[in-house]
Every structure is written in structure tokens, then in C-alpha cells.
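Here are my notes for when you open the file.

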Amino acid sequence: MTGPGDFPSPLSPDHPPAASAPAVLRDVMFGHVHSAALRAVAVHRIADHLADGPRTPVELAGLTGTDAAALRRVLRLLAVRGLFHEDARGGFRLEPAGQPLRTDAAHSQHAGVLMITDPMIAGSAAELPRALREGRSPFELAYGGPFFEHLHKSPGDRAVFDAGMAAFSGQEDELVARGYAFPDGARVVDVGGGRGGLLRAVLRRGPALEGVLFDRPDTVAEHLLDEPALAGRWRTEGGDFFEAVPPGGDFYLLKHILHDWDDEAALRVLGTVRRAAAPGARLLVVDAVLPGGGVPHPAVELDIVMLMVVEGRERTAAEFEELLARAGFRLHRILPTPALPSVLEAVAV
């Protein structure tokens with residue numbers, strides 16, 4: 001039997017026990033294993049079959065055409081991460097953290113999981129060591145060309161990307177629209193707005209607002225704006241935001257655009273917006289803002305995804321301020337949202 005004196009005294013938070021270092025390293029080291037398991041259950045839509053309650057791996061295997069023994073091991077790992085729970089009879093139920101894996105869930109993240117765990121991302125990640133040595137894009141090393149050119153040539157990969165981005169954007173759009181008060185009668189130009197999810201959310205909240213959805217012609221052709229409540233208050237326009245954007249806007253939106261590009265390309269986009277915007281017009285950059293001082297934030301992870309796949313990057317508030325100033329905008333304020341991105345409000349000067 002031992003007493004308190006037989007154990008070392010607890011260390012201060014600044015000096016954690018030595019055992020914690022291997023544990024942290026192991027957690028990072030096996031991250032790709034957890035990601036692979038997550039992809040497996042998403043591909044086979046296991047969560048959909050748990051919507052009505054627990055099922056055993058044998059029952060799930062019969063419904064999904066999978067191997068029960070292997071499936072149990074995969075679910076057991078994800079149960080450790082809090083996505084599933086294994087009961088006394090060996091059945092698995094879906095935990096609250098796993099509900100977004102269902103394809104029918106409100107704000108489902110199923111398509112987002114499939115995108116982030118897709119071989120496009122995994123293949124790029126495998127080239128990260130070489131990219132650090134050569135200073136080249138991991139995606140280009142893996143696939144032989146820029147990411148967006150690859151998507152243009154590969155409809156299947158483009159469909160995975162578009163579905164994933166839509167999954168991530170759905171909930172964000174409403175939160176961003178709710179977090180900024182547009183004045184009545186303003187004209188809002190959504191530059192690179194995709195199918196118009198954000199613009200739709202903005203117009204829904206302002207019955208006197210008008211909007212222009214601007215993106216590539218094939219993208220805006222599949223817009224989401226055709227709702228009775230929005231009738232007569234919007235139009236679409238196709239083009240290239242590196243060349244020109246629609247003039248006459250009171251507000252210009254750039255949601256998840258600047259982070260796709262390095263500073264030089266981002267300045268080209270901002271330049272076309274500044275040429276279209278009259279002095280005093282507002283630019284709303286909707287992007288994650290990197291914190292300083294090593295503060296944990298999802299944007300830090302996203303920054304590495306941008307490093308691996310495109311020529312883009314996440315930026316700090318100071319970096320955004322400098323970038324905007326170089327393009328003729330003055331950063332006025334930064335509005336956090338409950339979602340990943342913040343709204344950076346800038347004024348054309």
C-alpha cells in the first residue's frame with residue numbers, strides 16, 4: 001500500500017507530465033486513421049441507418065453490404081471519438097456529435113466529410129513533405145496541374161467539391177446574413193457567389209434589398225434564387241472576377257474567395273471590385289481570421305488545407321488590413337459570427 005509521498009507531486013500547467021507528450025503525439029500521428037474510418041462510414045451511409053435507434057454491426061452490414069466484423073472495429077474507433085456509442089448488447093447508436101453524418105440531417109455535413117476525406121485531399125497531403133522541400137503546390141505535385149483547372153476537367157471531382165462546399169456553406173450563409181444589418185434598398189453584389197446561397201439568405205432577411213449574383217456562367221445557371229419572395233429583386237451575371245465585376249453595388253460580398261489565392265491573385269480580385277465600386281461603397285469579406293499567439297482555431301487547420309490544395313491561405317486581421325489597403329479599401333471593423341468565418345467590413349476610399 002502506498003501513500004501520497006510515494007507519487008511525484010502534480011506539475012504546474014506550464015510543466016505537464018511527461019506522459020502527456022507521447023499521448024499528444026500519438027493523437028496527431030493517428031489522425032489519418034480516424035479520418036479514414038470517418039470516410040468509410042460516410043461512404044456507406046451508416047449514420048442514415050441509425051436514425052431510428054441502435055443497430056448491431058451484423059444488422060448494419062446486412063443493410064449496407066459491408067463486412068460486420070470490420071464495421072464493428074471501425075465504429076468502435078469512432079465511438080472513442082464520441083460520434084457513436086456501443087451499448088451492452090453490442091449495438092451502436094448515433095451520438096449528437098455524429099448526427100450531421102446523416103444525409104437527411106438539418107445542415108448535414110455528409111458531403112463535407114466526403115470532400116475533405118476525398119483522395120484529392122489525401123493525395124495532396126501525401127505530397128506535403130516534398131512540397132516543403134521544393135516550395136511547390138502539393139496538389140500540383142500529386143495531380144499535375146492547379147486545383148481549379150483539375151476540377152474543370154474532372155466533372156466527378158467537381159461534383160464532390162461542389163457538394164462539399166454547399167454542405168459547409170448552408171449553415172454559414174444564414175449565420176453570416178443574420179450577423180450584418182444591410183440598409184433598406186441597398187444593392188448587394190455577391191462576387192464569386194456560386195449558386196447564390198449567401199445572397200439568398202441576405203435577400204430573405206431584407207425585403208427591400210436587391211442583389212446581383214456574379215460567378216462563372218455555368219455556375220450561376222444553377223442558381224438558388226428562384227423563390228417567390230425574392231421575385232424581381234435579383235439578377236445573375238456570368239463572368240470572371242479576375243477581369244471585371246458588375247458596377248453599381250452598394251455592397252460587395254467576397255465569401256471564401258480571397259483565401260483561395262495568394263496575395264498577388266487576391267489583389268487582382270480586389271482590384272476588379274475596387275474599380276466597380278464607387279467611393280464609400282462597402283466590401284464585406286467573409287473569411288476566417290487567423291488568431292495570433294498560437295490560439296487554437298479551426299482556421300489553422302483550414303490554412304493547411306489551403307496550403308495543400310490551392311495557392312491560397314488564411315490570414316490574420318493585420319494581413320487582411322494590409323491587403324485591403326493595397327487595393328484601395330479601408331478596413332472598418334471585423335464582426336465575428338457563430339460560424340467559422342468573420343465578416344470584415346471595408347470601405348472603398
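1. A quick definition before the strands: two strands pair if DSSP finds at least two bridges between them. By that test S3 and S6 pair, in the parallel sense and over three bridges. If you want a spot to check, look at aspartate 190, whose bridge partner in S6 is leucine 253. Do bear in mind throughout that this is a predicted model.

2. S3 also has S4 as a partner: the two run in the parallel sense, with five bridges between them. Here the place to look is arginine 187, which stands opposite glutamate 210 in S4.

3. How enclosed is S3 by the rest of the structure? Largely so, because four of its five residues are buried. For that count, buried means under 20% relative accessible area.

4. On to the packing. The largest nonpolar core holds 32 residues, and the ones touching the most other members are Val191, Tyr252, Leu254 and Leu283. Quite a list of elements gives two or more residues to this core: strands S3 (187-191), S4 (210-215), S6 (251-255), S7 (282-287), S10 (329-335) and S11 (342-348), along with helices H13 (263-276) and H15 (317-326). Which element gives the most? That would be H13, with seven residues.

5. Leucine 283 deserves a click of its own. Setting aside neighbours within four places in sequence, leucine 283 is in contact with Tyr252 and Leu254, with Leu270 and Val273, and with Leu324, Phe329, Leu344, Glu345 and Ala346.

6. Now the whole chain. I count on 15 helices and 11 strands in the protein chain, and its C-alpha trace spans about 80 × 50 × 40 Å along the principal axes. Of the 349 residues, 42% are buried. The accessible surface comes to about 18,100 Å², and carbon and sulfur atoms own 57% of that.

7. Last, contact range. Take the contacts in the protein chain with a separation of 6 or more: 61% of them are between residues 24 or more positions apart.

Definitions and conventions:
Residues numbered from 1 in each chain as written. Predicted model: local features only at pLDDT ≥ 70, side-chain atom pairs only at ≥ 80, totals over all residues. Heavy atoms only, no water. Core = buried A, V, L, I, M, F, W, Y, C linked by side-chain atoms within 4.5 Å. Buried < 20%, exposed > 50% of the residue type's maximum accessible area, 1.4 Å probe, protein only. Contact = heavy atoms within 4.5 Å. Areas by Shrake-Rupley, 256 points an atom, 1.4 Å probe, with all protein chains shown as cover.
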